[in-house]
Amino acid sequence: MHLARFPRVRLFPAPTPLEKLTNLTRHLGGPDIWIKRDDCTVVATGGNKVRKLEWLVGEAQAQGATHLVTQGAVQSNHVRQTAAVARRLGMKCTALLEHRIETNDRDYLNSGNVLLDRLFDCAIEYRPSGLDMNAEAEAKGTAMSSAGEKTYVIPGGGSNRVGALGYVSCAQELLQQADEMGLQIGRVVTATGSAGTQAGLVVGLEGSNAGIPVLGIGVRAPKDRQETNVHRLAEETADYVGARGGVSRAAVVANCDYVGPGYGQPTPGMTEAVLMLARLEGVLLDPVYSGKAMAGLIDLIRKGEFRRGETVVFLHTGGAVGLFGYAGVFEQAMTH
Ligand SMILES: *Cc1c(COP(=O)(O)O)cnc(C)c1O
């Protein structure tokens, strides 16, 4: 796979750190837990979308676009990172925010990511829940280009074959890091939502014959649908990069047992995981993605699903800004 064939805008210094979580490893008494710090991708407090945006904005600029159009939930990390990248590159950004969660919570509606969207002067339009938001973004982009804007529409989460290149590249980066450190990785664990992160990782690892399975912990869809979405995007991405043989369906594994009541709805496991990582490691997870993914990892370790001495790499996909949208949840958790 020769990624230099695709346009790219460099946005952060690579590699992101790969660190051992010594205290968490000792606390749980299971596998060696390492963390790949993709919360450290620099732009606007970082996160996994910056990696995808290197390639998406690369293509946007190659097409002469000056205005990014995208969509997400009100507390979307993806929208916040897109809005910031647009500013850094002298572009404009319009975002459609879906009221995916029914709430009147002031913090959820005004703080965290959406506060930063406003600081970046992103043009925001709201939508009720349940619409096809990618279709809404496409329609908005079409209307704006009819009005003379040079738009480039980015799907939710930056998850298409172009954005997924960011995680094909991350897989290559991780393998090189592990080789240099002499670290034998047994499994990679990541949150999986709009699918681009897991799809890209699977294509990158499979394409290198690394023999490292990826476990996605779902945050929204049930297992069948999540795996189907990830596999479809992995196949498209493999085709795009010219990885021969495609991606086997068996290489795509998602565990969706940790979603709880729904997308963005807090769970006791999530609050436990956020507090545990904060207090044992000084690491900030997020309430919607990495907190639930870590809740899954902790539970699976407690159930003995990993060997002692096996190395698990947890991909930290960022999102800590979202904590401020859920302040009440953590205030309550800390008084009980
Ligand atoms: C978007 C996001 C994810 C999920 O990544 P996908 O590529 O959408 O599956 C995980 N963690 C955080 C913090 C995110 O913002």
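Reader: By class, how many nonpolar, polar and charged residues are in the lining of the second largest pocket?
Author: Keep in mind that this is a predicted model. The lining of that pocket includes R8, R10, R51, E173 and E180, and Arg and Glu count as charged. By class, the second largest pocket has two nonpolar, four polar and five charged residues.

Reader: Which helix gives the largest share of the lining of the second largest pocket?
Author: S169, Q172, E173, Q176, Q177 and E180 are among the lining residues. The helix in question spans residues 165-181 and gives six residues, the largest share, and its name is α7.

Reader: And how much space lies in the second largest pocket?
Author: Its lining includes A14 and P15. As for the space in the second largest pocket, the figure is about 200 Å³.

Reader: Which element gives the largest share of the lining of the largest pocket?
Author: Elements that give two or more residues to this lining are α2, β3 (67-73), α3 (77-88), α6 (133-146), β7, α8 and α9 (223-241). By class, the lining divides into 14 nonpolar, 24 polar and eleven charged residues. The largest share, six residues, comes from α9.

Reader: Now the ligand itself. Which of the 17 residues around it come nearest?
Author: By class, the shell has three nonpolar, eleven polar and three charged residues. Of the 17 residues, those that come nearest are K49, K52, S194, T197 and T317.

Reader: How far does a polar side-chain atom of S194 lie from an oxygen atom of the ligand?
Author: For K49, a polar side-chain atom lies 2.9 Å from a ligand oxygen. G196 uses a polar backbone atom instead, and an oxygen atom of the ligand is 3.4 Å from that atom. For the side chain of S194, the distance to a ligand oxygen is 2.5 Å.

Reader: What percentage of the area that the ligand exposes when taken alone does the protein bury?
Author: Taken alone, the ligand exposes 380 Å². Of that area, the protein buries 98%.

Reader: Which element gives the most to the shell around the ligand?
Author: Elements that give two or more residues to the shell are α2 (48-62), β7 (187-192) and α8 (196-207). With three residues, the one that gives the most is α2.

Definitions and conventions. Residues numbered from 1 in each chain as written. Predicted model: local features only at pLDDT ≥ 70, side-chain atom pairs only at ≥ 80, totals over all residues. Heavy atoms only, no water. Near = heavy atom within 4 Å. Polar contact = N/O pair within 3.5 Å; in protein donor to acceptor, adjacent residues only side chain to side chain. Areas by Shrake-Rupley, 256 points an atom, 1.4 Å probe, with all protein chains shown as cover. Helix = DSSP H or I, 4+ residues; strand = E, 2+ residues; numbered from the N terminus. 1 Å grid on protein atoms, 1.4 Å probe; cavity = no way out; pocket = protein on both sides within 12 Å on 5 of 7 lines; lining within 4 Å. Points joined across faces, edges and corners; volume = space filled by probe spheres on them.
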